[in-house]
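Work through the exercises below with the model open. Try each task before reading its solution.

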Amino acid sequence: MHMADALISPVVGGAMWAVTAGVAAYSVKKIGNDLDEQKIPLMGVAGAFVFAAQMINFAIPATGSSGHIGGGLLLAILLGPYAGFLAMASILTIQALFFADGGLLALGCNIFNLGFYPCFVAYPLVYRLITRRGYSQRRIFTGAMLAALIGLQFGSLSVVLETFFSGKSELPFGTFVMLMQPIHLAIGVVEGLVTAAVVGFVWQARPEIIKRTTSGETLGSISIKKVLAALAIAAMMTGGIFSWFASAHPDGLEWSMYNASGKEELAAPGGIYHTLAALQERLAFFPDYSLKNQQETNTFAVGTNESWPTVNAGTSLAGLVGGVMTLMLAVITGCCIYMFKRRHKTSGV
Amino acid sequence: MSNMTTSLYNIRLLDELAEKKTIIHNIHPLIKVLTTVLYLIIIVSFNKYELSELLPLIFYPIIVIALADLPLMILLKRMLIAFPLLIGIGLFNPLFDRSTMVELPWMQLSGGWVSFLSILLKGVLTILAALVLIATTGITRIAAVLGMLRVPRIFILQLLLTYRYISVLVEEVGRTVRAYALRSRREKGISFSDWGPLIGHLLLRTIERAQRVYHSMCCRGFTGAYHTGSVSRVRTGDVFYFAGWGIYFMVVRFINIPATLGSLITGVVR
């Protein structure tokens with residue numbers, strides 16, 4: 001479920017970085033007030049534990065296959081939502097840096113998808129709700145299972161939305177949803193079973209660990225109103241801003257302009273306008289959407305074909321030759337640096 | 001078990017590489033982080049049909065890898081791990097986008113194949129950039145940069161502690177899983193009845209370890225901050241490094257170098 005940089009656009013990556021940074025800053029503020037120093041090593045070591053636990057293969061009964069856990073929900077249950085979110089963020093940062101697992105620009109997306117939903121949606125709204133009247137094996141099982149399923153469904157839907165709004169993949173939204181959601185339902189079952197088994201065991205062996213962290217005494221309780229507000233902001237960012245960028249149809253202003261003047265845009269003078277327009281086109285951080293939507297024709301007409309870059313055999317050949325030349329030059333440059341350094345070292349000795 | 005060994009090997013290798021003393025390693029970590037971020041933004045700002053335009057950006061990882069004495073093959077191997085996801089999602093492009101985009105005398109290429117190749121190339125460049133950054137900077141100096149960028153102390157501490165204890169816990173989990181595998185029937189992982197007790201015991205040991213860690217930290221005068229060491233100030237050379245790459249990335253973004261080069265060559269040949 002880790003998104004790669006190659007699949008996102010700068011706007012989606014940047015917006016998700018901003019949302020994630022906001023949630024992280026809020027978490028830091030919340031735990032900074034009531035976190036005792038003793039919890040700091042626990043957060044670090046628990047993060048490392050989940051990292052290691054992610055590598056364990058769990059045999060799935062009656063299927064012959066195996067699965068592994070994400071650990072976001074387990075961290076939220078052990079550390080509370082705020083510390084759990086920060087622990088998940090640090091795991092994902094290390095994975096992005098050291099293991100090429102998810103990109104650096106996509107890190108905001110990944111922390112949100114794998115950290116926000118289990119810690120700030122599934123944990124308070126599902127797990128805590130079910131276990132608030134006291135703990136029992138049945139409640140822990142039901143709470144962990146439902147929370148894992150819901151958290152992962154939200155996370156995978158988020159992946160689909162972020163990929164869709166980035167516009168790098170041609171996968172239609174519906175097909176992508178139909179591919180992702182059922183797979184993550186199965187993954188959620190494994191996540192829920194493992195989390196329930198571990199939490200159930202720890203509750204039997206050391207009940208105070210589970211009670212202390214979920215009671216919210218040391219790490220702060222979470223306000224449902226604030227969760228809903230954060231979700232509303234995220235939804236507005238994805239649904240509102242992204243779709244405005246991504247829309248193949250004109251926005252409200254263009255629509256009203258079309259109705260008023262019969263033209264989508266008012267005629268602009270040449271000169272500096274064209275230069276700036278060309279520059280803006282180049283700099284557009286949503287190039288994929290601009291490419292297909294740059295239509296000289298009226299976009300209001302139903303069934304209008306999207307524009308397509310000109311196919312030209314000469315340009316294609318020049319591009320291929322130039323590309324091969326660029327690659328060769330890059331390799332030669334690298335080899336020259338290696339040879340120069342080796343000669344320099346030998347002469348130094 | 002093999003993925004645990006690979007992870008440990010990978011972490012130690014990148015730690016060792018980060019301790020080298022080359023011209024790239026000596027560049028200020030903040031400058032390296034900023035250059036990487038700019039590079040990544042430039043890469044993803046290209047649209048999905050711009051393939052040849054992206055190629056000149058490969059100079060950055062190649063030159064940095066060569067100057068920093070990094071093992072190219074190992075980095076490429078690491079990079080391949082991320083490829084199944086890119087191929088899995090990108091391969092739908094040729095299926096859904098079949099209109100001809102590139103026409104060569106001997107073949108035609110659809111828009112879907114162009115965008116698929118563009119995703120793969122972007123994947124290569126972005127993954128290499130992240131690996132090159134960590135292999136020439138190291139986690140401690142990255143943490144120092146986060147401190148300079150006013151990232152809250154508690155997150156930096158959390159990041160460094162997690163990183164420090166990954167090796168310890170991966171080893172412990174690895175030993176436990178190996179011991180389990182030696183005593184169990186041939187199963188594909190931990191069997192269902194043992195999920196709770198096995199992972200639960202590991203978790204309880206982890207929590208006790210955290211308490212011991214805290215006590216030992218207190219014995220060494222822990223005051224709530226993880227010292228990342230002093231980082232030298234940004235020098236003129238560092239600024240030139242950033243400016244040089246910045247200008248190059250901008251030139252690549254605005255001028256299609258391969259197309260210009262190709263037109264020149266094909267024009268001369270004709």
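**Exercise 1.** Determine how many residues of chain B are in contact with chain A, and sort them by class.

*Solution.* Count contacts: 98 residues of chain B touch 91 residues of chain A, where contact means C-beta atoms, placed from the backbone, within 7 Å. Then sort the chain B side: 64 nonpolar, 26 polar and 8 charged residues. Here Ala, Val, Leu, Ile, Met, Phe, Trp, Tyr, Cys and Pro are nonpolar, Asp, Glu, Lys and Arg are charged, and the others, Gly among them, are polar.

The model is predicted: local features need pLDDT of at least 70 and side-chain atom pairs pLDDT 80 or more, while totals for chains, interfaces and linings use all residues. Residues are numbered from 1 along each chain as written, with chains lettered from A and ligands numbered from 1 in written order.

**Exercise 2.** Describe how H2(A) packs on H3(A).

*Solution.* Start with the axes. Those of H2 (residues 39-53) and H3 (residues 72-79) of chain A come within 10 Å and cross at roughly 155°. H2(A) is therefore roughly antiparallel to H3(A) (over 145 degrees; under 35 is roughly parallel). Next, list the residues: A:Met43, A:Ala46 and A:Val50 meet A:Leu74, A:Leu75, A:Leu78 and A:Leu79. By class, 7 are nonpolar, none polar and none charged.

Technical notes
Two residues are in contact if their C-beta atoms, placed from the backbone, lie within 7 Å. Axes are lines fitted to C-alpha atoms, for helices over the stretch in contact, and angles run from 0 to 180 degrees between N-to-C directions. Helices (H or I, at least four residues) and strands (E, at least two) are DSSP runs, numbered from the N terminus. Angles under 35 degrees count as roughly parallel, over 145 as roughly antiparallel, 65 to 115 as roughly perpendicular and the rest as oblique.
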